[in-house]
Amino acid sequence: MTDTALIGSTCALGAFWSSKRYFDYLIDESNLPILRGKDFGQAVIICPSLWEGRGASRKDMARFTAQVDNLINILHEVKAERVTYATCIDTQPETGNELSPLLHESGDPWLAALAELRDFINLRFGRVLNVYLPEVTGTGTDMSVADLLTRAAEETGELEVFLLERHQLYPMHRLVKDVEKAWECGIFSVNLVPEPVTTFELVESCFPSLSDRLPIAREADPYGSARTSVYSTQYHDPDTGYIMDKQDVLAGLSADKQA
């Protein structure tokens with residue numbers, strides 16, 4: 001079969017992907033059942049955790065787990081020769097890479113659902129590229145701390161952020177080409193992770209008007225994401241473990257780019 005399908009087509013990542021590449025079937029929650037019994041040459045599956053962002057999916061766990069369960073139920077009846085699975089990176093250790101042990105069970109129901117869907121897809125389909133994404137920028141939705149800071153410019157009071165928490169901010173506009181590069185290299189699991197920036201660095205460089213609203217650093221503040229990629233040299237030279245350096249991340253989030 002040569003038909004192609006994109007599951008998650010109406011979320012920000014799906015809409016961007018389908019604007020760059022043609023798919024025979026554009027699938028969202030409303031038409032998911034039409035996949036039953038279908039065979040595809042290629043399929044892109046965007047994890048429900050990325051449909052509205054991890055924050056939104058965590059706030060409505062009943063909906064998120066229902067989305068995961070429904071997707072698994074449908075995919076039992078789908079065949080695909082090649083699958084690209086884009087998902088949150090949260091089932092890896094905060095300082096992990098593609099070779100680190102993945103989380104398979106968790107007392108956190110959100111992480112448990114993420115792991116269940118990831119494991120199912122990798123067992124169900126023979127050839128899968130797992131694309132692990134950190135915070136994604138450029139979506140226009142709440143998928144990164146940069147989105148929170150952009151909204152905060154219109155508010156008052158102390159920012160609900162952590163001063164020294166590390167954030168890996170991946171620009172959505174790179175997604176399609178970065179995924180295709182991974183397939184070209186024969187990679188079956190890739191972390192699309194830029195060099196981390198702290199909340200303080202991000203505010204200082206891109207949102208200076210918010211500086212006086214930053215909280216003080218506390219010992220109990222979260223560490224944040226500092227994951228790396230063993231395949232970073234395929235995307236960026238020299239070998240730093242990251243596909244973009246901090247300067248490029250901050251330049252892409254400058255005030256004029258946010259306007």
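I shall speak about the nonpolar core, then the aromatic rings, and finally one lysine.

Please bear in mind that this is a predicted model. The largest nonpolar core comprises 77 residues, and Leu 13, Ile 121, Leu 133 and Leu 202 have the most contacts inside it. In soluble globular proteins, nonpolar side chains tend to be buried together. Which residues does Leu 13 touch, leaving aside its neighbours within four places in sequence? Its partners are Ile 46, Leu 50, Leu 133, Val 136, Thr 139, Met 143, Met 172 and Leu 175.

I turn now to the aromatic rings. The structure contains 3 aromatic pairs. One of them is edge-to-face, because the rings of Tyr 25 and Phe 40 have centres 5.5 Å apart and planes at 80°. Tyr 25 belongs to strand E2 and Phe 40 to strand E3, so this pair ties together parts that are 15 residues apart in sequence. With a relative accessibility of 23%, Tyr 25 is partly exposed, whereas Phe 40, at 3%, is buried.

Rings also receive charged groups here. The charged end of Arg 82 sits over the ring of Trp 183, 4.2 Å from its centre. Arg 166 lies over the face of Tyr 223, 4.3 Å from the ring centre.

Finally, consider Lys 79, in strand E4, which spans residues 79-88. Is Lys 79 buried or exposed? Its relative accessibility is 54%, so it counts as exposed. Beyond its neighbours within four places in sequence, Lys 79 contacts Lys 38, Asp 39, Phe 40, Arg 124 and Phe 125.

Note on methods
Residues numbered from 1 in each chain as written. Predicted model: local features only at pLDDT ≥ 70, side-chain atom pairs only at ≥ 80, totals over all residues. Heavy atoms only, no water. Core = buried A, V, L, I, M, F, W, Y, C linked by side-chain atoms within 4.5 Å. Buried < 20%, exposed > 50% of the residue type's maximum accessible area, 1.4 Å probe, protein only. Contact = heavy atoms within 4.5 Å. Helix = DSSP H or I, 4+ residues; strand = E, 2+ residues; numbered from the N terminus. Phe/Tyr/Trp six-rings, centres within 6.5 Å; stacked < 30°, edge-to-face > 60°. Lys NZ or Arg CZ within 6 Å of the ring centre and 35° of its normal.
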